[in-house]
Amino acid sequence: MINKTIRQSAWLFVVPVVLLVAFNALIPLMTVVNYAFQETFGDNVFFWEGLTWFEQVLNSDRFHDAFLRQIMFTSIILLIEVPLGIAIALSMPRKGPWVSVCLVLMALPLLIPWNVVGAMWNIFALPDIGLLGYSLNSMGIDYNFTQQPISAWATMILMDVWHWTSLVVLLAYAGLTAIPEAYYQAARIDGASKWAVFKWIQLPKMKRVLTIAILLRFMDSFMIYTELIVLTGGGPGNSTTLLSIDLVKLALGQFDLGPAAAMSLIYFFIVLLICWVFYTLMMKNEKQ
Amino acid sequence: MTKIALQNIRHSYLGSPQTDGDFAIKHINTVFEDGGAYALLGPSGCGKTTLLGIVSGLISPTSGRILFDGEDITRVDTIHRHIAQVFQFPVIYDTMTVFDNLAFPLRNRKVPESDIKARVLDVAKMLDLEEGIHRRAASLTVDGKQKISLGRGLVREDVNVMMFDEPLTVIDQNMKWELRSKLKELHQNVRTTMIYVTHDQTEALTFADEVLVMYEGRVVQSGTPVELFEKPRHTFVGYFIGSPGMNIFPCQISGETVEFSGLPIECDNQIQGIRSLQDSQAITEIGIRPEYVRFSNQGIPVRICRVDDLGRHQLVHVEHEHHAIKLICPEDAPIPEGSACVRFEKSRTFLYADKWLAGEGSQS
Amino acid sequence: MCIYAASITRFLALSVELRNVDKVVDGMVHIHPVNLLLQDREFNVLLGATLSGKTTLLRLMAGLEKPSSGEVLFSGKNVTGVSVQKRNIAMVYQEFINYPNFSVFDNIASPLRVAGKKPDQIKQEVGEIAELLRLSEFLDRDIASLSGGQQQRIALARALVKRASLVLLDEPLANLDYKLREQLREELPRLFVASGSTVVYATSEPEEALMLGGHIAMLHEGKVVQYGKTTDIYRRPGNLESARIFSHPPINVTTIVKSSGVIAIPGVTEWQCPEVFRDRPDGEYLLGIRPHHLSLTSPERDARLVTISGTVQLAEISGSVSLVHMRINGNDWISESGGIHPHSIGESIKVYMHLDGCLYFDRDGTAIY
């Protein structure tokens, strides 16, 4: 239904948002674009560099490695968090007093500030005094996330799963509760197994919210910074240096503003591109 | 193919029901014969959906027993009762094709694929779903989807009873008409016991051989459409069935006569009715359907208030001392103006005591 | 009712005119050019099947949609570009749309508050309307605790209390219980007409249209095929489409042959050609006969009848009438009779066809009178 009203005054309500977005997104973005194509030595003096910085970044091993690590990290956490989130949502009660208890418990990790999450896990996992690190070591498992890349990765993934699975759970749960009771009754009458109910009723009905969950988790994991910088700082060595950490190192550690700006833009387009591909595929599937 | 008996069923949604008012089902004793077409008819909140839930096993009654062919299945799970049900809104598996939807209950029961195909095509043909059977079920119109829900019951051979929970609610007017006829035809072909729950008298009377009229947690009358129409045992049945419903007026008994605002009225059940009322304090009423009120030269003087031309007939609203009376007259019949007299047909006029047909006793 | 009608202050009701209005969306014609004049203070019904364009037409009148071309006039004034807010209309939908967090009183009072009326006056007006729609005892209740029928009565009360010049109702009773529908159908026209508004009521049910009375516009696939007084159109549809829309159960249509003063349904029966038909050339025509003019019992009054025999395919009993689907000489017919007449499938029966109820059409569907 096309619903055109003739009054134009509604536009006025949008003006504050437009201004806000202009100040906190468009203007900084333009600054980044400015840096990406020029060289500066301060004093607002700029020299045109064209695509030099882009070539430099795209050809550097350092970027390739960070990018690969990023892809690996995102894939692993998606593969864990989505199925785990669905499984938890399925096992949550659908009515009764326990519903709110479960929901509050689930929401807790989402409420903790990101730097606190990093700090918590850092202390929790310390091999000498942390509960996790100490227990693992006393069980005879050689674990030290400040020294071993494998331990660092495991800790990083565990932290992310702990922090963000709840989001998937809440979205999946919302999708589940929207399924009318009649569907379950019909399935019981049709003699469907639990697996069949999941495959033919729950999963199709959750598809929409799961798309959103995956998209959100994908974008967030691609931009993970705060928790990680507190937990590992990108180490040991460069083993947990994901794109965002690398970018900050480049921009603020080395003050290579030109390459950093170019990398930001590349980073931005990668996220945009993958999201778009994701979304189109999902929607196409939906239409069939 | 099963005979279903409900014995002394009571059900309350409350933990510890005290009074009669706490019960959604107050007391029901009834039998659904094998192969019959039944309708549970009543307004919302009369307990008809609860009763359906009790038969299907989705609700466990507070007390009483359900027997399938004499076997007590009160505590048996839904899936082992071998029932089929069509819900108010079509329930289909969106991501499957029409064929797979129909095959689903058979595949779950591990029926060989070759048998499935024959059976599904059979049912699809019965329901006119053959065209586009390999399309996604989600692409069908709402009546097509409802046919699929129905079809998933029809493909199974183990079905004891098929139940319908207001299945035409979301269906378009024109399609309603078609689906109703289709359903009736299906019943005549497959002869499975069918129970149809609705608040719509048209659907109930069209579909069922026997209609159970429910009111406040009880079955107030069960009978063929003819019985319900011609001799309502309870004033609620008179009001609820027929369009418009029965005219009901207060009346007094004096000796052997029934009086409506001072005028003697002859009733069909007058003699046994009055006899049963000896010394009782019951509130008495008379009921007559608008179809059986006629204009006449003498009788009850009335004032004509309004005439509605309803096409196939005319609905005339008249008044006798503040008692509104409705009459149905043929399409082309002349209607007197101003004032006139009306007469009640004796064999269609009934005396009610405390809402029940006098002299017939009430159901427990 | 009379007390209510007298107590309200009169205001200007509107006539609504559509001049060559059409609506095309993405190349699809939703409404073909329509010319329609709805008189003020008149109860108007839009009758048509689902997707025949009823809702679009209502939305065009409301100003929720702009016509692709043509003009909408209220009492002769062009309002085509005027926004909904400025048109003083009220609309009631099929779904029960109320403010979920308001009490019943606040729901009904909302249009008055928007209009900036004084609390005393609001209280009085809401009280009157609530009395009329039998909502008085619920005024303090929460909307959520009410049944569907009560919720829809509140939506109707809101439309009434607004005293809109134009009230648009889009199948307002479709989601209600059968008996409640029966009762509200009877009350609605009187309520709205007494309130002095011009009313447009969309429905897909012929019976509802008859019960509502007033004037009627017949819609078919985005075209208004006929407009006029409800009972006139029912008795004398101008074309086959009108007759089809305005018949439930569906009208029986069959080919007839006229030859030298006799009309025949080939292989079934024949009768004397009626007066109006006499000057027409011989040949094939169409006959429309409503199911209730094919009755199982012969009527008491002397009517011109022919008898037809057929076999029962399905017998249905609905409310206080019986419907029999029959097969007559290879065609499916439906007959409707008052009372309850059970018949079994395959039985041979005889029906009486009322010649006065016959509707004759040209091959192209134009009615012959």
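1. Across the interface of chain C and chain B, 11 residue pairs are in polar contact, both residues at pLDDT 80 or more. A polar contact is a pair of N or O atoms within 3.5 Å; within protein, one must be able to donate a hydrogen and the other to accept it, and residues adjacent in sequence count only if both atoms are side-chain atoms. On the chain C side that touches chain B, α6(C) gives the most, with 6 residues. That side divides into 16 nonpolar, 10 polar (Gly among them) and 12 charged (Asp, Glu, Lys and Arg) residues.

2. The model is predicted: local features need pLDDT of at least 70, side-chain atom pairs count only at pLDDT 80 or more, and totals for chains, interfaces and linings use all residues. Residues are numbered from 1 along each chain as its sequence is written, chains are lettered from A in the order in which they are written, and side-chain values use heavy atoms, with hydrogens and water left out.

3. Chain C puts 38 residues in contact (heavy atoms within 4.5 Å) with 38 residues of chain B. The two chains bury about 3500 Å² between them, 52% of it on carbon and sulfur atoms; this is the accessible area (1.4 Å probe) lost on being put together, summed over both.

4. Between chain C and chain B there are 6 salt bridges (a side-chain nitrogen of Lys or Arg within 4 Å of a carboxyl oxygen of Asp or Glu). B:E331 and C:R235 form a salt bridge through their side chains, at 3.3 Å, N to O.

How values were computed. Helices (H or I, at least four residues) and strands (E, at least two) are DSSP runs, numbered from the N terminus.
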